[in-house]
Amino acid sequence: VIDVVATMNKGTFAYSALPVKLREMNGDLRVLLDLNNDSTSHIVINRFSTLTGNSRIEAKGLIDHIMLDDMLFDLNLKMGLQLADLKPFLPEGMNMSFSGMANGNASTKFLLSDAMNANIEKMNITGWIDASNLRIDYDSLSMQADKAQLRLSKPQSKQYAFLNADLRSPKLNVQQGKNIKATLHNVNMKALTSNLMETNKLNLIKLNFDFDQMKAGISDMTTALQKTKGDADIAMNFSDTVSWPTVDCNFDISKLNFAMDSTLAEIYAPKGSLKMKSAKGNPADLLLDIVYSGKNTTASMGKEKITASDMNMDAAIAYKSNEKSTILQWEPNGFVSMYNADIETSEFAADISLPVLEMNFTPNAYNIKNAKLLVDNSDFELTGKLWNVDEYLKNKGLLKGEFKFRSELTDVYRLMDLTSGFGEEDS
């Protein structure tokens with residue numbers, strides 16, 4: 001048995017399998033070599049520090065199996081990292097980059113071969129990192145934060161064996177390709193992922209999140225969310241810049257604002273679920289499934305406006321990327337109900353309210369199942385169908401309808417005055 005206590009001062013180290021060089025190596029080590037039993041030989045690190053690139057690493061711990069084919073590292077680390085220095089550890093051809101500074105502590109246990117091959121899913125890494133001026137780019141996905149804290153825990157699932165992390169940031173900017181952009185404030189997020197190092201495979205991400213505010217844009221659609229929490233399962237290939245991610249999300253939001261072209265909406269306390277995926281045959285087209293309920297909803301399109309105390313929707317919406325008209329790019333199908341609604345329209349100079357409305361809809365028609373309508377002094381119970389919506393939105397035709405109604409009080413003269421000339425085209 002050979003037992004050696006060693007002190008290192010300003011040492012350097014380079015190894016062909018190690019993608020970086022170490023310099024300014026200082027430390028106190030104890031090396032135990034058992035020539036009769038290779039498996040018990042090890043190195044105890046009492047103190048170690050080194051520089052590589054613009055980063056500094058300090059370590060304490062144990063290096064085991066030093067006489068065998070693959071050494072086992074069990075270390076406690078203190079790090080001051082220039083994140084750009086991580087680039088050499090990434091697989092060749094991986095379109096990923098980092099920038100910013102990170103300081104933190106970590107406990108690690110890994111085999112040398114896994115570290116050399118960047119098999120992060122096989123490495124046990126726990127700890128926390130405080131980052132500043134952080135930016136991460138991964139193919140078409142980018143994330144930027146002036147400040148962020150990341151806490152790493154041991155993955156508990158084979159499906160999500162790569163990363164188990166909690167992220168906190170006062171402000172986080174995210175962008176996917178050219179179409180999706182989002183800014184989030186006071187973010188708390190827990191993420192589980194599959195192996196994100198496999199760039200040409202479908203990556204799985206499971207999220208739990210809450211944040212104070214988010215502003216997001218998808219093409220010509222913008223959304224603002226307040227006080228939001230939820231969860232999401234995401235499947236995406238980061239190297240695919242055409243297809244939409246597959247998302248299954250549940251949400252609970254304090255307030256939502258939406259804008260697309262001349263369509264605006266404001267909804268309080270919306271909650272429900274959102275599913276999205278690329279359409280078959282054309283991955284640039286998007287399919288959405290939305291189920292939600294909301295309070296105190298206001299929606300407008302140009303001069304038309306509606307407010308309601310309660311609104312519920314179950315809808316499938318298709319986005320057609322090749323359609324030139326913004327409003328015609330979206331094809332909705334589903335069911336909507338609203339209660340205690342007031343309507344403002346340029347077609348009628350009257351007080352119009354809807355105590356109840358339950359309606360199915362398609363891109364070309366609205367089928368009213370149950371509606372109670374008040375127009376000034378008149379009241380109606382209405383069922384029926386409004387169609388030719390597609391042609392109307394293209395300015396190629398008039399809206400058409402067929403309705404049945406029942407009324408206890410009808411102000412005929414007022415209605416005749418309101419509808420005089422309605423439906424006639426300007427000459």
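**Figure 1. Tyr319 and its ring partner Trp330 in the predicted model.** Tyr319 has a relative accessibility of 8%; buried means under 20%, so Tyr319 counts as buried. Trp330 has a relative accessible area of 14% and is therefore buried by that cut-off. The two residues form an aromatic pair, with 4.8 Å from centre to centre and 45° between the planes. A pair with this geometry is classed as tilted. Tyr319 belongs to strand β16, which covers residues 304–319, and Trp330 belongs to strand β17, which covers residues 330–345. Because the partners sit in these two strands, the pair ties together parts of the chain that are 11 residues apart in sequence. Trp244 joins Tyr319 and Trp330 in a cluster linked by ring pairs.

**Figure 2. Gln329 in the loop between β16 and β17.** How accessible is Gln329, and does that make the residue buried or exposed? The relative accessibility of Gln329 is 8%, so the residue counts as buried. A polar atom of the Gln329 side chain lies 2.9 Å from the backbone oxygen of Glu323. Leaving aside residues up to four places away in sequence, Gln329 touches Ala318, Tyr319, Lys320, Ser321 and Glu323. Tyr319, one of these contacts, is also a member of the aromatic pair with Trp330.

**Figure 3. The aromatic pair of Phe73 and Phe110.** The structure holds five aromatic pairs. In one of them, Phe73 and Phe110 are stacked, with 5.2 Å from centre to centre and 5° between the planes. Which parts of the chain does this pair link? Phe73 lies in strand β5 (residues 72–82) and Phe110 in strand β6 (residues 96–111). The two residues are 37 residues apart, and the pair links distant parts of the chain. Both Phe73 and Phe110 are buried. A pair of aromatic rings is described by the distance of the centres and the angle of the planes.

**Figure 4. The second largest pocket and its lining.** This pocket holds about 210 Å³ of space. How many residues line the second largest pocket, and which lie nearest its centre? The lining is made up of 16 residues. Asn179, Thr241, Val242, Ser243 and Trp244 are the ones nearest the centre of the pocket. By type, the lining divides into six nonpolar, eight polar and two charged residues. Trp244, named here in the lining, is also part of the ring cluster with Tyr319 and Trp330.

Definitions and conventions:
Residues numbered from 1 in each chain as written. Predicted model: local features only at pLDDT ≥ 70, side-chain atom pairs only at ≥ 80, totals over all residues. Heavy atoms only, no water. 1 Å grid on protein atoms, 1.4 Å probe; cavity = no way out; pocket = protein on both sides within 12 Å on 5 of 7 lines; lining within 4 Å. Points joined across faces, edges and corners; volume = space filled by probe spheres on them. Nonpolar A, V, L, I, M, F, W, Y, C, P; charged D, E, K, R; others polar. Phe/Tyr/Trp six-rings, centres within 6.5 Å; stacked < 30°, edge-to-face > 60°. Helix = DSSP H or I, 4+ residues; strand = E, 2+ residues; numbered from the N terminus. Buried < 20%, exposed > 50% of the residue type's maximum accessible area, 1.4 Å probe, protein only. Polar contact = N/O pair within 3.5 Å; in protein donor to acceptor, adjacent residues only side chain to side chain. Contact = heavy atoms within 4.5 Å.
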